[in-house]
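Student: I would like to learn how to read a structure like this one feature by feature, with the general idea stated before the particular case. Could we start with the metals?

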Amino acid sequence: MKQKIFNLVPPAFVAVIVAFWAFAPKALTDNGWSIIVTSALITLVVLGLEFVHERHAGWRMNWREFFTDLFYVVLSATVISWTATALAEEPLQAVKTSLGITTQWAMHMPWLLQVALVVFIMEFGQYWMHRLMHNSTPFWLTHAPHHHITQLNAAKGAVGNPIELFLISLSVLALFDLSPTALFCGFNILNVVSTFAHANVRSDPPLFYSFFFTTIRHHSLHHSTDYESTRCNYGNSLILLDRIFGTYKEGEASVVGQDDLRRLSIREQFLFPFQPLIERIRAGRGETAQPAN
Ligand SMILES: [Zn+2]
Ligand SMILES: [Zn+2]
């Protein structure tokens with residue numbers, strides 16, 4: 001019985017989010033703080049569920065993991081978000097204005113369709129960026145720190161090298177004129193789905209959810225311990241895209257990480273993409289030092 005209820009928690013959560021943005025008083029939905037509070041609540045509630053019905057004892061939260069996750073959640077909500085706004089979103093909006101592009105048709109679509117459009121546009125970009133990261137070495141070097149995490153938890157989706165976090169946040173959403181509540185609802189849905197897809201919660205939602213949305217089964221398989229096995233299930237929230245583009249794989253993993261399953265520190269996660277360069281400089285120094293000796 002408990003298991004059956006837990007299997008329905010992710011779809012119920014999505015329904016609550018949609019109901020909130022559709023029916024909550026305007027004073028709440030118009031308040032800029034609402035999206036910040038709802039995003040934080042999503043992470044906290046799912047983290048709480050990890051203690052009620054955990055998936056693997058080996059993924060149990062501890063203080064070291066908690067503070068690392070918290071560091072990245074704050075980094076994503078501040079520096080990464082500001083950088084993406086300044087370097088991508090605002091320039092894109094400026095181009096849109098200067099070229100006189102209008103997408104008022106989007107604003108006039110039914111509200112739920114606007115929400116679906118937000119989810120699709122965000123995920124379509126993320127899918128191809130993520131797939132590129134698994135197929136090109138320079139991009140993989142930015143993404144590999146996310147795959148070096150050795151356990152999955154509610155906020156682990158936020159953990160990764162800052163360059164990767166910036167790249168994965170890029171989207172063309174700024175080109176579309178959409179209702180702000182549809183935007184916020186779409187962001188919250190993506191947040192709920194990707195949070196559950198990384199969480200240590202024993203919840204396996206039914207097919208009406210898992211056909212479209214990514215679950216922990218799909219995403220844990222993506223976190224498999226050898227590089228080749230990670231090259232599937234790229235959809236952060238919309239696994240439907242993997243089904244469409246032929247990268248879907250059925251299965252689940254309980255041991256996650258890369259290479260020797262060594263956990264990286266925050267410093268190592270930040271330096272990871274530059275490691276080949278650092279090693280080359282060190283080797284270069286070694287060569288020039290040798291004749292002197
Ligand atoms: Zn990946
Ligand atoms: Zn992940």
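Student: How far apart are the zinc ion (ligand 2) and the zinc ion (ligand 1)?

Tutor: The two ions, zinc ion (ligand 2) and zinc ion (ligand 1), are 6.0 Å apart. The pair H146 in helix α7 and H219 in helix α11 (residues 216-222) links distant parts of the chain, 73 residues apart, and both H146 and H219 are buried, where buried means under 20% relative accessible area, exposed over 50% and partly exposed in between, with a 1.4 Å probe and protein chains only. Helices (H or I, at least four residues) and strands (E, at least two) are DSSP runs numbered from the N terminus. Please keep in mind that this is a predicted model, in which local features need pLDDT of at least 70, side-chain atom pairs count only at pLDDT 80 or more, and totals for chains, interfaces and linings use all residues. Residues are numbered from 1 along each chain as its sequence is written, chains are lettered from A and ligands numbered from 1 in the order in which they are written, and side-chain values use heavy atoms, with hydrogens and water left out.

Student: Which residues coordinate the zinc ion (ligand 1)?

Tutor: The zinc ion (ligand 1) is coordinated, at 2.0 to 2.2 Å, by H130 (NE2), H134 (NE2), H143 (NE2), H147 (NE2) and H222 (NE2), with the sequence spacing H-x3-H-x8-H-x3-H-x74-H. H130 lies in helix α6 (residues 111-133) and H147 in helix α7 (residues 137-147), so this pair ties together parts that are 17 residues apart in sequence; both H130 and H147 are buried.

Student: Is helix α8 (residues 162-169) enclosed or open, and why?

Tutor: Six of the eight residues of α8 are buried, so the helix is largely enclosed by the rest of the structure. The buried residues are P162, E164, L165, F166, L167 and I168, and they pack against α4 (63-98), α6, α7 and α13. At the N-terminal end N161 caps α8, a side-chain oxygen lying 2.9 Å from the backbone nitrogen of I163.

Student: Where is Q269, and what does its side chain meet?

Tutor: Contact means heavy atoms within 4.5 Å, whereas a polar contact is a pair of N or O atoms within 3.5 Å; within protein, one must be able to donate a hydrogen and the other to accept it, and residues adjacent in sequence count only if both atoms are side-chain atoms. Q269 is in helix α13 (residues 266-271) and counts as buried at 3% relative accessibility. Its side chain makes a polar contact with the side chain of Y72 (2.6 Å), and, leaving aside neighbours within four places in sequence, Q269 is in contact with Y72, P145, V159, N161 and L264.

Conventions. Donors = N, O, S within 2.8 Å, 3.2 Å for Na, K, Ca; no water.
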